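Thanks for coming, everyone. I'll take you through one structure today, from its charged pairs to its confidence scores. Please have a look at it first.

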Amino acid sequence: MSLAVPRPGAGVLARLDVPGLLRRHWPLLPLAATVLFLLAPLPAGDAAASGKVGPADAASLLLALVCGVQALRGRVRTLTPLGVLVLGAPGVGLAVSTMTAADPYAALPGFVRYLQVFVLVPAAVVLLVRDAHEFRLAAGCFVVLGLVQGAVGVIQFATHTGASYQGADIRAVGTFGPGDVMGMATVVAYGLIVATAAALAVGLPPKARRIAGGCAFALVVPLVLSFSRGAWIATLGAVVLVMVMAGIRRALKVLVALAAVGVVLVGGLGVGSEMVAERLTSITQVSSAPDQSVTDRYTMWAAAESMWRERPAVGVGLKGFPANRDGHSSLGLSSGSDTAGAGQAFIKQPLLSPHNMYLLVLSEQGLIGLLALAGGWAALLVAGLRRYAAGEGIRDCGLIAIGLLVWQLTDFLYADIGGPSTVLTGVIVGLAAWWALPSGDGAGFGARVSGRPAPDGPAAR
């Protein structure tokens, strides 16, 4: 007779019921892959690879396919006419802009890209995420992505293997490379906002909140080392809003802690102190003494406005900004931005967009496209804030959704879509829509799918 000795951790694995979890949440696997596949590095030395279809884009298409299959089986959330309008209106604006473009065939790739990011992916997220638990799983992927990319960025700074910045290869860019210097800063900012919201949410277990708080503080370091002024501004605005929504007393505690971390990192340890100070100072000099990058941005903004005035209703057509740029730009525009480092030789990147999402949409899609896209984003923000103020639903989901959406809308003031991380914009719009838009069956947010009650959805309050 032999006694079976249980292996360490076997009881934990048995309690986890991994096969059961996969059976219940398998539609979320493409959503998790859409986020986590951005951990895959771009080919070294290929700055142009940021504009090509990558693993995350392929996963997002699979996500849309799974959503379609689940919809045919009747296992997705239903939407009210308002939800259909907000999620579907951008498609109409995109179709109009494509058909009225000077070269509709040249505009077709832009139509597909915009449809993917602003229609298909958000709709799939809204329809497939059933309850607050699944929302948290999706949001947690952003934290994992930010931590890994941030760790790579910190190593790049410490070992001088990052992108070139002021003559030194120290700029933290993660696996995105110097051709997409905003990529790492963007995903780190997403993770920081999710972690901050989770740390401040009253309804989560104390241990989960402490872990989230530690992740948020850790993500401050790579965000600083990205030297991205735009990401700093957007993150500060979103984090402050999340803290105020969570409560003034908590906000003050977190602000004090963040200030202490900043003093230790920059002042005490000297983590890029001179360069960080110079970068911060340059934010206040964008009008009095702008550098060449700011001058280029102002010039392209003026060019985008000029294109819109030429065709105010429908714009010059999707993908039309590069072709019309020189005819609407002044002589102050440079030939491109210099990129190097992180395994890539010196390359001059062409300036193919105005680096302002609202002006890009206005110039290429006109007022029709801007109202369809930006109008929907504004509706989601207002509806999300009203729902949070009314005390409905799971509060941590509201903090995460609103924080991410505010970051994205702020960042769009001086950035636009482009690069591998673009697909995450669709996921963020989808999470914001999941929180803001009501369910068409009147049962609340994910209260019931295929006859199965959601264990911790808002209906279970």
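**A walk through the predicted model**

Which residue does Asp396 form a salt bridge with? The partner is Arg136, and the closest N and O atoms are 2.8 Å apart. Now look at where the two sit. Asp396 is in helix 16, residues 395-411, and Arg136 is in helix 7, residues 132-159. Is Arg136 buried or partly exposed? Arg136 is partly exposed, at 26% relative accessible area. The cut-off for buried is under 20%.

How many salt bridges does a search of the whole structure find? Four. I'll show you two others.

Take Asp57 and Arg113. Their side chains meet in a salt bridge at 2.8 Å, N to O. This pair also links distant parts of the chain, 56 residues apart. Asp57 belongs to helix 4, residues 55-72, and Arg113 to helix 6, residues 104-128. Asp57 is buried, with 5% relative accessible area.

Next, Arg130 and Glu134. Their closest N and O atoms are 3.0 Å apart, and they form a salt bridge. Arg130 is buried at 15%. Glu134 is buried too, at 1% relative accessible area.

**The overall picture**

Let's step back. The chain has 17 helices and six strands. There are 461 residues, and 49% of them count as buried.

**Cores**

In soluble globular proteins, nonpolar side chains tend to be buried together. So what do we have here? The largest nonpolar core has 82 residues. Which residues have the most contacts inside that core? Phe142 and Leu424. The element that gives the most to this core is helix 8, residues 181-200, with 14 residues.

Zoom in on Phe142. Set aside its neighbours within four places in sequence. Phe142 still contacts residues including Val35, Val187, Tyr190, Val194 and Leu424. Val427, Ile428 and Leu431 are also among its contacts.

There is a second, separate core of 35 residues. Its members include Val117, Phe118, Leu318 and Leu437.

**A nonpolar patch outside**

Leu236, Val240, Val244, Ile248, Leu252 and Leu255 form a nonpolar patch on the surface. Together they have about 520 Å² of accessible area. Which elements give two or more residues to the patch? Helix 10, residues 229-246, and helix 11, residues 248-268. Val240 is in helix 10. At 32% relative accessibility, Val240 counts as partly exposed.

**Two backbone points**

Most residues other than glycine have a negative phi. Two residues here are worth a look. Phe227 is not a glycine, yet has a positive phi of about 55 degrees. Phe227 lies in the loop between helix 9, residues 206-225, and helix 10. Phe227 is buried, at 0% relative accessible area.

Lys319 also has a positive phi, of about 65 degrees, and is not a glycine either. Lys319 lies in the loop between helix 13, residues 292-310, and helix 14, residues 321-328.

**Confidence**

Last topic. The mean pLDDT of the chain is 81, and 76% of the residues score at least 70. Where is confidence highest, and where is it lowest? It is highest in helix 17, residues 422-436, with a mean of 96. It is lowest in strand 5, residues 448-449, with a mean of 36.

Two stretches need care. Over residues 45-51, pLDDT is below 50. The model gives this stretch 16 contacts beyond near neighbours in sequence. Over residues 442-461, pLDDT stays under 50 as well. That stretch has 46 contacts beyond four places in sequence. Where pLDDT is low, the predicted coordinates should not be read in detail.

That's the tour. Over to you for questions.

How values were computed
Residues numbered from 1 in each chain as written. Predicted model: local features only at pLDDT ≥ 70, side-chain atom pairs only at ≥ 80, totals over all residues. Heavy atoms only, no water. Helix = DSSP H or I, 4+ residues; strand = E, 2+ residues; numbered from the N terminus. Buried < 20%, exposed > 50% of the residue type's maximum accessible area, 1.4 Å probe, protein only. Core = buried A, V, L, I, M, F, W, Y, C linked by side-chain atoms within 4.5 Å. Contact = heavy atoms within 4.5 Å. Patch = residues over 30% accessible without salt bridge, like charges linked within 9 Å, V, L, I, M, F, W, Y side chains within 5 Å. Areas by Shrake-Rupley, 256 points an atom, 1.4 Å probe, with all protein chains shown as cover. pLDDT = per-residue confidence, 0-100.
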